[in-house]
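Subject: The structure, and what turned up in it

Hi there,

Here is the structure I promised to send over.

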Amino acid sequence: MNDLMNFLYLPVTSALFAVVWVYALTEPGAIFGWWPDLSNKISTSNWWIKLSYGCSKCMAGQICIWRIIFDQNIKILTDFDNVIIWQTLTAILISLLIEKHFND
């Protein structure tokens, strides 16, 4: 059970942060409501918008990947399959499920 909790901690927190960022914090009038305007001045390309505020799944995946690389101090070559791929996919899935729950 402890291994499962350790595995899920990173994807769940990444997904929750991404969903809250996209659907609550960057909405007009919210604390970071200015971010979409600034982000659009940086770039108006679709990939940039998705990664910076427009897609919780894209953001959850990015957050999870970068947190694994910088925070977990993993051995990238030996743990790549188990850690990076599965935890990132889990974060994207959790983000999708949260998004679907609130959109229905």
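A salt bridge here means a side-chain nitrogen of Lys or Arg within 4 Å of a carboxyl oxygen of Asp or Glu. Before the findings, some background: this is a predicted model, in which local features need pLDDT of at least 70 and side-chain atom pairs count only at pLDDT 80 or more, while totals for chains, interfaces and linings use all residues. Residues are numbered from 1 along each chain as its sequence is written, and side-chain values use heavy atoms, with hydrogens and water left out.

How many salt bridges does that rule give? The count is one. Glu 99 pairs with Lys 57, and their closest N and O atoms are 3.1 Å apart. Glu 99 sits in helix H5 (residues 76-103) and Lys 57 in helix H4 (residues 56-71), so the pair ties together parts that are 42 residues apart in sequence. (Helices are DSSP runs of H or I with at least four residues, numbered from the N terminus.) With a relative accessible area of 13%, Glu 99 is buried, whereas Lys 57, at 24%, is partly exposed. For those words, buried is under 20% relative accessible area, exposed is over 50%, and partly exposed is in between, using a 1.4 Å probe and protein chains only.

Pro 11 belongs to helix H1 (residues 2-25) and is buried, at 0% relative accessibility. Ile 92, in helix H5, is 7.8 Å from Pro 11, C-alpha to C-alpha, across 81 residues of sequence. Ile 92 is partly exposed, with a relative accessible area of 29%.

On the surface, Trp 34, Leu 38 and Ile 42 form a nonpolar patch with about 310 Å² of accessible area together. Such a patch takes residues with over 30% relative accessible area and no salt bridge, joining nonpolar side chains (Val, Leu, Ile, Met, Phe, Trp, Tyr) within 5 Å and like charges within 9 Å; areas come from the Shrake-Rupley method with a 1.4 Å probe. Ile 42 lies in helix H2 (residues 35-42) and is exposed, at 52%.

Finally, H2 packs against helix H3 (residues 46-54) at about 155°, with axes 10 Å apart. That makes H2 roughly antiparallel to H3, a label for angles over 145 degrees on a scale from 0 to 180.

Happy browsing!

Note on methods
Helix = DSSP H or I, 4+ residues; strand = E, 2+ residues; numbered from the N terminus. Parallel < 35°, antiparallel > 145°, perpendicular 65-115°, else oblique.
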